[in-house]
Structure formats: C-alpha cells, structure tokens
Amino acid sequence: MAKKLNERSVLQIASEALPFAKTGGLADVLGALPPALARLGWDVTVVTPRYRGVTAGSLVERFPVTVGGFAADAGFFEAPLPDGARAILVDCPDLYDRDALYGVDNVDYTDNARRFAFLVRAALEVAARRAAAPSIVHVHDWQAGVAPVYLRTLYAGHPVLGGTRTVFTIHNLAYQGLFEPDWLPRIDLGWDEFTVDRMEYWSRISFLKGGINDATLLTTVSPRYAEEIQTPQLGFGFDGILRARRADLVGILNGIDTHEWDPAGDRFIPRPYSADDLSGKAAAKAAVLERYGLPSDADALKRPLVGMVSRMVDQKGFDLIAELSEDLLRLEASFVVLGTGDARYQDLWTALAAERPDRIGARIGFDEALAHLIEAGADLFLMPSRFEPCGLNQMYSMRYGTIPVVHAVGGLADTVTPKTGFVFTDYSPPALLGALTRALECFGNRQRWLALQRAGMTQDFSWDRSAKEYVKIYERALKRTRRA
Ligand code: ADP
Ligand code: GLC
C-alpha cells in the first residue's frame with residue numbers, strides 16, 4: 001500500500017537557525033530559505049535545538065527520545081517563521097542548555113555525536129508521528145548528516161518515513177563531524193557502518209560522510225564550490241566520494257535576507273540610505289569610528305575605512321593578514337575588525353590595534369548590531385578567505401555600497417566581479433596587498449568608486465531565485481525511486 005505523502009512539504013534539520021541561534025552563515029541561511037520556500041507554496045518545518053537563552057515558541061508536544069543508552073524526555077516548542085514556515089525547537093536541557101552551541105574555547109563538547117544524533121532522532125520522530133510523511137527531508141552540514149543514514153537503517157521499513165527522499169546541503173566541508181568508532185552503538189548504528197564506503201573515515205566515523213553517501217541528492221552553497229570540493233586541493237579528503245556522486249551534486253548560490261540586510265531600513269544604522277542617495281553612509285562611518293574610539297574628524301572621514309566581520313579561523317585568510325601586518329600599518333587607511341576564533345588571530349588584531357590606536361580598531365566578540373554598522377560604515381570589506389563555500393558578508397557589503405576585496409574562490413568568485421569589487425587570484429600576501437592597494441587608489445576616484453557602489457547595490461541577491469533552485473532539486477529527488 002502506498003504511504004501517505006504530504007505533498008510539497010519539507011522537513012529541514014540544522015544545528016543553528018535565525019532568529020534563534022547563530023555562530024555563522026548557516027543560521028542566516030536557515031533564517032531566510034524556509035520563508036522563501038514557503039512563498040513558493042511549500043510547507044516548511046525547520047527543526048533545531050532549543051539552546052540556552054532561546055525563549056521563543058510554545059510547547060506543543062513532549063515525548064521520550066532515545067539515542068543509544070541515552071534517553072530523555074524531549075520538549076517540542078513550535079514557533080512561527082515568516083510567510084507561514086514554522087520552526088520546532090527541540091528542548092533537552094542535558095544536551096542543549098550550555099554556554100555555547102558546539103564547545104568552549106575552541107574545544108568541542110565531548111558528546112557532540114550524541115547531541116546532534118539526538119537532534120536528528122527527535123526531528124524524525126516528530127515527523128514519524130504525523131499521519132503523512134514530509135515529501136523531502138532536507139538536512140544541513142555534518143550535524144544533521146546522520147539523518148539520511150537513519151532513514152536508510154532505522155527507518156527503512158517505517159510506515160510513515162520509509163523511503164523518504166533526502167537532500168543534504170554541504171555548507172562547509174572543513175567540518176566533518178569526526179568521532180571515535182565506539183560511538184556507533186551509542187547512536188544506534190551497527191558496525192556495518194564502519195566501512196570505507198559508509199561512515200568510516202581514517203579509522204573514525206564521519207557524520208558528514210554518512211550524509212554524503214546516503215542522501216538522495218547533494219547540494220552545496222555555490223556553483224564554484226561544488227567544483228572545488230571535487231579536487232584534492234579543496235576536497236578535504238572527501239573529493240573522491242564527491243566525484244563519485246558528482247551527478248547528484250549541485251551548487252546553489254545562497255541568497256541574502258534583503259529585509260534584514262537593507263541600508264534603507266536597517267535598525268542598527270543611524271541614517272537610512274540607498275543607491276540613489278548614499279549620504280546616510282557617512283553617518284554610519286562616523287558612528288562606527290566612534291564606536292571603536294577611533295578619530296572621526298574630517299580627515300578620518302576622508303580616509304578609506306576597511307572593515308572585517310569574521311570568524312577568526314584559518315579559512316578566512318587571517319594567515320595572509322598576519323604576514324602583511326607591517327604593511328597594513330603603513331597603508332593610508334583605517335581598519336575596524338569584529339570577530340572571535342583562534343587566540344592567535346584575536347591576539348594579532350588586538351596587538352595591531354594597540355600599536356595604531358588612531359587607525360585600527362579590534363573588537364573580539366559576537367555582536368549582530370555592530371556587524372550591521374560595519375557593513376554600512378566601512379568603505380571596503382576585506383574577505384581574503386583561503387576557501388569560501390559561499391560567504392554572505394561580501395553580498396551584504398555590496399548591498400551596503402561597501403566594496404569587497406576578496407580572494408577568487410568559492411562563492412566569492414561567483415559573486416564578486418571587477419565591476420563590483422577587487423578580486424585577487426593567488427592566495428599570497430603580495431596578491432592580497434596588491435588588491436587592497438588598487439582598491440585604496442580607486443577610492444580616490446569618486447566617479448569610479450560610485451560606479452562600483454551602484455553596481456553592487458543594484459544586484460539581486462534575494463533568496464527567491466535560489467529557493468526556486470532548491471525546489472527543482474526537491475522535485476528531482478522525488479522522481480528517484482524510493483530507496484527502501
Ligand atoms: P561563515 O558561515 O563561514 O562564518 P558567512 O559569510 O557565510 O561565513 O557568514 C557569516 C555570518 O556570521 C554573517 O552573517 C556575519 O555577519 C556573521 N558574523 C560572523 N562573525 C560575527 C561576529 N563576530 N559578530 C557578529 N556577526 C558575525
Ligand atoms: C558556511 C560557509 C560559508 C557559507 C555559510 C552558509 O559557514 O563557511 O561560506 O556562506 O556556510 O551557507
């Protein structure tokens with residue numbers, strides 16, 4: 001007997017989602033893609049943990065969920081999202097009521113395998129209790145990578161969920177969800193997963209690999225990155241299995257939330273502005289200089305201001321900056337930097353700010369309001385990433401008339417052109433310095449600068465276009481023969 005399908009409905013699972021919890025771009029995507037899919041007529045449910053401090057939603061269900069020997073009474077809080085999408089926040093204080101999402105001081109929590117296997121189990125159990133299955137289960141990054149594995153194993157013969165097609169989106173291949181193999185029985189998986197064509201990865205298990213092998217279709221967050229991850233240089237050891245699944249792998253460029261990131265209506269900036277009237281941008285520049293305690297007199301306002309908002313990790317090109325630090329101090333520019341991450345990069349920027357307190361401001365921390373103010377107040381935005389699956393900040397920058405300086409890689413290469421920014425190809429300190437120097441020179445040419453700003457500000461980075469691409473993927477997955 002054919003099971004009941006809830007047509008055009010998608011269950012998404014992710015470890016972070018706006019407006020509830022965020023450490024990076026994954027949360028932005030989960031905040032904007034579900035409403036965009038809902039606008040296209042899809043029924044969208046996003047399942048994500050109810051971390052410490054999240055107060056949204058009302059309790060709609062409570063039932064026990066078990067993962068291996070771990071059993072907990074999980075609470076399910078439902079919260080509406082824009083355009084009719086909804087979120088379900090999984091409440092399990094033992095697992096999620098903690099200081100941070102993944103770990104503290106760059107050390108992961110030792111039970112992350114359990115924490116995210118539990119999230120997936122809880123999400124699938126909620127779906128299993130409904131009369132009709134979602135047509136698609138769409139899961140994001142390693143934290144949700146066991147969902148396709150569970151559907152192939154635990155739920156293979158399940159009356160509601162058996163055979164459900166899955167889409168796995170890779171936002172970042174560098175995070176692989178690697179754990180000791182003795183976690184297998186503790187997350188209800190058999191030792192037969194511990195083989196090279198399943199979850200085994202160099203004597204450990206990888207949640208990411210589970211997702212890649214078992215999902216019906218795979219996507220990643222830009223067309224260029226979809227190509228790059230099939231090469232040994234940027235495949236992080238997964239290029240072989242990605243090449244093997246190349247026919248099922250599609251790059252879909254992220255959009256941006258054009259309501260949240262809109263210089264004409266941004267609650268975090270002093271005066272609204274637009275491509276037609278950029279005058280409010282100067283007020284944001286003065287405000288951000290003041291916030292950093294940097295001079296904001298006429299000379300300072302005339303000097304180009306370079307901004308950075310970033311996780312301070314190797315991915316983001318901080319090693320190039322470290323090599324160039326002496327040169328940066330000599331440039332005719334000011335810098336404002338916001339981020340958290342590796343101690344050595346935090347220390348680097350703190351030391352640079354101490355050396356040039358008149359020119360360089362560094363804030364170590366996570367600050368949504370300040371991120372908006374930097375996007376608006378800076379003239380240039382620096383994103384020299386070694387690799388970048390998509391990157392959102394360069395798109396925010398262009399929308400705010402802030403010119404990006406980027407390494408031509410991944411989503412940066414797909415979104416920034418010489419008409420909208422400054423691009424360097426070699427991943428090397430001189431190449432970065434060259435691009436930055438060209439940008440600073442151009443800043444002196446008001447006509448050219450304005451043309452760059454307007455070209456960036458009038459581009460369409462809205463989610464509607466990308467959401468349609470996801471719908472095509474869902475439809476393609478639905479045509480696949482049922483796996484179970
Ligand atoms: P990634 O997800 O690799 O960190 P993205 O460019 O896709 O890179 O997204 C990063 C998101 O996180 C952006 O919305 C950016 O503004 C935000 N962000 C990063 N660091 C901070 C910070 N320290 N404070 C506030 N927002 C931050
Ligand atoms: C990851 C990537 C980033 C991407 C984001 C959202 O964190 O590092 O490039 O924009 O996911 O897809």
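1. The chain is divided into domain 1, which covers 5-255 + 465-478, and domain 2, which covers 280-460; these bounds come from an automatic or database domain assignment. The C-alpha centres of domain 1 and domain 2 lie 32 Å apart.

2. A word on the basis of this note: this is a predicted model, in which local features need pLDDT of at least 70 and side-chain atom pairs count only at pLDDT 80 or more, while totals for chains, interfaces and linings use all residues. Residues are numbered from 1 along each chain as its sequence is written, chains are lettered from A and ligands numbered from 1 in the order in which they are written, and side-chain values use heavy atoms, with hydrogens and water left out.

3. Where the two domains meet, 21 residues of domain 1 are in contact with 22 residues of domain 2, contact meaning heavy atoms within 4.5 Å. Together the domains bury about 1,600 Å², of which 57% is on carbon and sulfur atoms; buried area is the accessible area, found with a 1.4 Å probe, that two parts lose on being put together, summed over both. Of the area that domain 1 buries against domain 2, Lys22, Arg224 and Leu253 supply 24%, more than any other three residues.

4. Between domain 1 and domain 2 the count is one salt bridge, a term that stands for a side-chain nitrogen of Lys or Arg within 4 Å of a carboxyl oxygen of Asp or Glu. Lys22 forms a salt bridge with Glu368, and the closest N and O atoms of this pair are 3.9 Å apart.

5. There are also eight residue pairs in polar contact between domain 1 and domain 2, both residues being at pLDDT 80 or more. A polar contact is a pair of N or O atoms within 3.5 Å; within protein, one must be able to donate a hydrogen and the other to accept it, and residues adjacent in sequence count only if both atoms are side-chain atoms. On the side of domain 1 that touches domain 2, the elements giving two or more residues are helix H1 (25-39) and helix H7 (223-228), and H7 gives the most, with four residues. Helices (H or I, at least four residues) and strands (E, at least two) are DSSP runs, numbered from the N terminus.

6. Which residues come nearest to ligand 1? Of the 21 residues around ligand 1, they are Lys22, Gly25, Arg311, Lys316 and Gly365, a residue being near if one of its heavy atoms lies within 4 Å. An oxygen atom of ligand 1 is 2.7 Å from an N or O atom in the side chain of Arg311, whereas the backbone takes part at Asp367, where a polar atom is 3.0 Å from a nitrogen atom of ligand 1.

7. Ligand 2 is surrounded by 14 residues, the closest being His171, Asn254, Glu388, Cys390 and Gly391. In the side chain of Glu388, an N or O atom is 2.5 Å from an oxygen atom of ligand 2, and a polar side-chain atom of Gln315 lies 3.1 Å from an oxygen atom of ligand 2.

8. Two backbone details deserve a look. A cis peptide bond, with omega about 5 degrees, joins Leu18 and Pro19, and Pro19 lies in the loop between strand S1 (5-13) and H1. Asp105, a residue other than glycine, has a positive phi near 50 degrees.
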